[in-house]
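Colleague: I am new to this structure and would be grateful for a guided reading of its features. Please give the general idea each time, and then the case at hand.

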Amino acid sequence: MLRCSAAFALVSYGQANGEEAANAWPVIDPRGREFFVRALAKIIDDTGMTREQVSQMAEAEAQRLIDESLLDSVMPGCLLMLEASGV
């Protein structure tokens, strides 16, 4: 959930800023944003971590996706997860 939340945030940001690579994916918002919110809330509820801690984890995961050029490889699975989530 964290990985896909980070991926959706990156694609959403890219789409909002007209990035060609991000626009290759289906429009993410508003469903991706809702997935992000629900996923991070669930992580907080399940782990007892603070909002700040979970936010830092999401930022770190987004940075990892960028640094390791993983966004294109995780997005297909994340889109399936988004569909299965019912969001």
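Modeller: Let us begin with the disulfide, which is a pair of cysteine sulfur atoms within 2.5 Å. A disulfide is a covalent bond between the sulfur atoms of two cysteines. Before the case itself, please note that this is a predicted model, in which local features need pLDDT of at least 70, side-chain atom pairs count only at pLDDT 80 or more, and totals for chains, interfaces and linings use all residues. Residues are numbered from 1 along each chain as its sequence is written, and side-chain values use heavy atoms, with hydrogens and water left out.

Colleague: Which cysteines does a disulfide join here?

Modeller: The structure holds one disulfide, and its partners are Cys4 and Cys78, with an S to S distance of 2.1 Å. The torsion about the S-S bond of Cys4 and Cys78 is about -85 degrees, so this disulfide is left-handed.

Colleague: Where in the chain do Cys4 and Cys78 lie?

Modeller: Helices are DSSP runs of H or I with at least four residues, numbered from the N terminus. Cys4 belongs to helix H1 and Cys78 to helix H5, 74 residues apart, and the pair therefore links distant parts of the chain.

Colleague: Are Cys4 and Cys78 buried or exposed?

Modeller: The words rest on relative accessible area: buried means under 20%, exposed over 50%, and partly exposed in between, with a 1.4 Å probe and protein chains only. Cys4 and Cys78 are both buried.

Colleague: How many salt bridges does a search of the whole structure find?

Modeller: A salt bridge is a side-chain nitrogen of Lys or Arg within 4 Å of a carboxyl oxygen of Asp or Glu. By that rule, a search of the whole structure finds seven. One of them is formed by the side chains of Glu61 and Arg3, at 3.4 Å from N to O. This pair links distant parts of the chain, as Glu61 is in helix H4 (residues 51-67) and Arg3 in helix H1 (residues 2-16), 58 residues apart. Glu61 is buried at 11% relative accessible area, whereas Arg3 is partly exposed at 41%.

Colleague: With which residue does Glu61 form a salt bridge at 2.9 Å?

Modeller: That partner is Arg64, and 2.9 Å is the distance between the closest N and O atoms. Glu61 and Arg64 are three residues apart in helix H4, which means a separation of about one helical turn. Arg64 is partly exposed, at 26% relative accessibility. Arg3, Glu61, Arg64 and Glu68 are linked in a network of salt bridges.

Colleague: Which residue forms a salt bridge with Lys42?

Modeller: Lys42 pairs with Asp46, and their closest N and O atoms are 2.8 Å apart. Both residues lie in helix H3 (residues 31-47), four residues apart, about one turn of the helix. Lys42 is partly exposed at 39% relative accessibility, while Asp46 is exposed at 54%.

Colleague: At what angle do H3 and helix H5 pack?

Modeller: Axes are lines fitted to C-alpha atoms, for helices over the stretch in contact, and angles run from 0 to 180 degrees between N-to-C directions. H3 and helix H5 (residues 71-85) pack at about 80 degrees, with their axes 11 Å apart. H3 is therefore roughly perpendicular to H5, a label for angles of 65 to 115 degrees.

Colleague: Which residues of H3 and H5 meet?

Modeller: Contact means heavy atoms within 4.5 Å. Arg31, Gly32 and Phe35 in H3 meet Met81, Leu82, Glu83 and Ser85 in H5. The residues of this contact divide into three nonpolar, two polar and two charged. Here Ala, Val, Leu, Ile, Met, Phe, Trp, Tyr, Cys and Pro count as nonpolar, Asp, Glu, Lys and Arg as charged, and the others, Gly among them, as polar.

Notes. Helix = DSSP H or I, 4+ residues; strand = E, 2+ residues; numbered from the N terminus. Parallel < 35°, antiparallel > 145°, perpendicular 65-115°, else oblique.
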